[in-house]
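Please read the following points with the sequence and the model open side by side.

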Amino acid sequence: MEMIRSHGGGCAFSGRGDPMVERRCVRQRLGIVGGMGPAATARLLRRIVEFTEASRDQDHLEVTVLNRPQIPDRSAYLLGVPGAPSFVGPLQQAALELEALGCSVLATPCNTAHARASRIAAVLQRGRLLSMVEATAGLLAMAGYRRVGLLATEGAAASGVYDDALSRRGVEAVMPDAACQRQVQAMIYGEVKAGKVPSWGQVMPFLAMFSQVGCDAVVLGCTELSLLGAPSQMGGMAVVDALDVLAASCVAACGASVRRCEVDRSFAERLRPYVMDGAAVGEALLSGGGEQCAALQAS
């Protein structure tokens with residue numbers, strides 16, 4: 001039996017390990033700051049379960065979810081809408097609450113909020129925030145993708161959060177033109193957040209646009225779009241759901257084994273080896289340092 005130290009400080013086992021030893025394996029407790037939006041949070045929890053290799057209840061992660069839909073709108077704040085309150089302080093407070101409850105790996109299923117991920121993580125004393133943006137960009141770079149289209153909120157697009165994460169890894173981010181971006185925003189806010197999930201067919205014109213400009217992958221960079229149930233590949237392009245990346249990364253970071261059949265079903269072939277071994281998890285874990293006085297309520 002070979003024991004492998006996981007990114008999250010727990011342990012995972014290769015081959016057929018001794019079940020009694022596995023029961024003593026200490027895993028990291030996962031904390032999720034949810035509510036952004038509520039349906040995306042429910043999907044993340046379900047996907048974590050589906051990505052976990054398990055034959056019994058006890059094989060799954062211990063997860064604490066704070067569902068906080070009252071957290072201010074992220075896009076409005078990032079776009080500078082007059083009077084829009086900051087979401088940073090409430091997210092920092094939620095992160096501290098989860099840390100106090102014993103969660104050492106934290107996650108939030110909101111791509112747009114990751115524009116301030118380092119500020120949110122800064123208040124943590126012991127826990128680490130798992131960045132879905134860094135994990136997604138890392139996987140794409142490792143798998144050799146070089147030109148990636150992005151479907152996200154106007155706030156995420158304006159913040160450059162994905163553009164920065166991808167460019168640091170030598171990957172070009174391609175944004176929709178202004179007219180298409182307005183359509184994406186309307187789909188997210190006018191339909192999904194209102195409980196009216198559109199069909200995948202409504203996304204097809206955006207994928208065709210990215211294909212025409214030479215993209216080899218497209219990122220669903222808003223977890224509301226994850227509710228559409230995207231295929232893993234279309235028209236020669238990989239379709240990467242950042243929420244699925246986050247779910248699989250949570251499993252690996254907390255020391256559990258990732259379920260291969262679910263990875264095969266959810267990711268394009270080039271990405272699968274890197275998802276299975278949690279290759280992008282280490283660089284996606286943001287540490288804090290308890291800088292509460294300087295960071296709390298900061299933008």
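1. G37 is found in the loop that runs between β3 (30–34) and α2, where helices (H or I, at least four residues) and strands (E, at least two) are DSSP runs numbered from the N terminus. The peptide bond leading from M36 to G37 is cis, with omega near -5°.

2. On the basis for these remarks: this is a predicted model, in which local features need pLDDT of at least 70 and side-chain atom pairs count only at pLDDT 80 or more, while totals for chains, interfaces and linings use all residues. Residues are numbered from 1 along each chain as its sequence is written, and side-chain values use heavy atoms, with hydrogens and water left out.

3. How do α2 and α11 (residues 242–253) pack? Their axes lie 8 Å apart at an angle of about 50°, the axes being lines fitted to C-alpha atoms, for helices over the stretch in contact, with angles running from 0 to 180 degrees between N-to-C directions. The two helices α2 and α11 are therefore oblique to each other, given that angles under 35 degrees count as roughly parallel, over 145 as roughly antiparallel, 65 to 115 as roughly perpendicular and the rest as oblique.

4. The second largest pocket holds about 160 Å³ of space. On a 1 Å grid over the protein atoms alone, a pocket is an open set of points with protein on both sides within 12 Å along at least five of seven lines, a cavity is a set where a 1.4 Å probe fits but cannot get out, and lining residues have an atom within 4 Å of a point. Grid points are joined across faces, edges and corners, and a volume is the space filled by probe spheres set on the points.

5. α2 (38–51), β11 (237–241) and α12 (260–266) each supply at least two residues of the lining of this second largest pocket, and β11 gives the most, with three residues. Among the lining residues are R43, R47, D241, D244 and R265. The lining divides into four nonpolar, three polar and five charged residues, where Ala, Val, Leu, Ile, Met, Phe, Trp, Tyr, Cys and Pro count as nonpolar, Asp, Glu, Lys and Arg as charged, and the others, Gly among them, as polar.

6. A search of the whole structure finds two cavities of 30 Å³ or more. Of the 14 residues that line the largest cavity, the closest to its centre are R74, C110, T112, T153 and K193. The largest cavity has a volume of about 100 Å³, and its lining has four nonpolar, six polar and four charged residues.

7. The second largest cavity contains about 50 Å³ of space, and its lining has eight nonpolar, two polar and no charged residues. α11 gives the most to this lining, with three residues; the lining residues include L139, V245, A248 and Y274.
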